[in-house]
Amino acid sequence: MAEAIYVGGLLVATPLLDDPNFRRSVVLVLEHDEDGGTLGVVLNRPSEIAVTQVLPSWDALVTGPPVLFEGGPVQTDSALALAVVLSGEEPLGWRRLQGRAAVSRLGTVDLDAPPEILAGEISQMRIFAGYAGWTAGQLENELQEGAWYVVDSEPGDTFHPNPATLWRTVLRRQKGDLALVATFPDDPLLN
């Protein structure tokens, strides 16, 4: 398990977190500043809204499922996109996340740019409606309350082919007792 919050790390909801916005969620940290707060996107909440309904020009570049993902409860009327570049270069319309090696080719996409600019430059892309945000100290308090685990990400987490299984997948690969949390039933009353 990771020790501190960092860009590129994952926040994995503990079974104690009942907030419907974050229950069993996996959040990729995109920005973190102890004085300014934390911003991330929920990776495992696909919506039923097809990308073609909202941003049709980007549909051909989106990695399946081709839907908007619910990135979090903040500014749900705005969109944020993440993409992996094919090379180590920084193409126009893409900005690298300033994190650890697992996200070295991952960055944000300028959705106001023409998609053609990035068409040959990226290998995977997802679009998120809204984001998750915490003010300075807020996320640290939630960690102390036992709401989140902070773990290292792996390159495939952002574009996991089956988002419904990502929570369990991330927990299962952890060392020690944390891996057992993956077996925690959805409803403990039915156990």
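Mentor: Terms before residues: helices (H or I, at least four residues) and strands (E, at least two) are DSSP runs, numbered from the N terminus. This is a predicted model, where local features need pLDDT of at least 70, side-chain atom pairs count only at pLDDT 80 or more, and totals for chains, interfaces and linings use all residues. Residues are numbered from 1 along each chain as its sequence is written, and side-chain values use heavy atoms, with hydrogens and water left out.

Trainee: OK. Where is L11 found?
Mentor: In strand β1, which covers residues 10-13.

Trainee: Buried or exposed?
Mentor: L11 is buried, because its relative accessibility is 0%. Buried means under 20% relative accessible area, exposed over 50%, and partly exposed in between, with a 1.4 Å probe and protein chains only.

Trainee: What does L11 touch?
Mentor: Contact means heavy atoms within 4.5 Å. Not counting residues up to four places away in sequence, L11 touches S25, V26, V27, V29, W134, L139, W148, Y149 and V150.

Trainee: Which backbone oxygen lies 2.7 Å from a polar atom of the S25 side chain?
Mentor: The one of F22. The cut-off for a polar contact is a pair of N or O atoms within 3.5 Å; within protein, one must be able to donate a hydrogen and the other to accept it, and residues adjacent in sequence count only if both atoms are side-chain atoms. Beyond four places in sequence, S25 is in contact with L11, V12, A13, V42, N44, R45, W148 and W167.

Trainee: Switching to packing. Which residues touch the most other members in the largest nonpolar core?
Mentor: L28, V41 and W148, in a core of 43 residues. Elements giving two or more residues to this core include β3 (37-42), β5 (67-70), β10 (148-151) and α3 (166-172). The largest share, five residues, comes from β2. A nonpolar core is a set of buried Ala, Val, Leu, Ile, Met, Phe, Trp, Tyr and Cys residues joined through side-chain atoms within 4.5 Å.

Trainee: And what about W148 itself, what is it in contact with?
Mentor: Leaving out neighbours within four places, the contacts of W148 are L11, V12, A13, T14, L17, F22, S25, V27, W134, L139, E142 and L143. There is also a second, separate core of 16 residues, which includes W58, A83, W94 and I127.

Trainee: Rings next. How many aromatic pairs does a search of the whole structure find?
Mentor: Four. Rings of Phe, Tyr and Trp (its six-membered ring) pair if their centres lie within 6.5 Å; planes under 30 degrees apart count as stacked, over 60 as edge-to-face and the rest as tilted. F22 and W148 are edge-to-face, 5.5 Å centre to centre with 75 degrees between the planes.

Trainee: Why does that pair tie together parts 126 residues apart in sequence?
Mentor: Because F22 lies in the loop between β1 and β2, while W148 is in strand β10. F22 is buried because its relative accessibility is 9%. W148 has 4%, so W148 counts as buried. W134 and W148 form another edge-to-face pair, at 5.9 Å centre to centre and 90 degrees between the planes. W134 lies in strand β9, so this pair ties together parts that are 14 residues apart in sequence. Ring pairs link F22, W134 and W148 into a cluster.

Trainee: Where does T14 lie?
Mentor: In the loop between β1 and β2. T14 is buried because its relative accessible area is 4%. Beyond four places in sequence, T14 touches G146, A147, W148 and Y149.

Trainee: Last topic, sheets. In what sense do β6 and β9 pair?
Mentor: Antiparallel, over eight bridges. Two strands pair if DSSP finds at least two bridges between them. V85 stands opposite I122 in β9. Strand β8 (residues 106-109) is joined to β6 by four bridges, also running antiparallel.

Trainee: What is the bridge partner of L82 in β8?
Mentor: T108.
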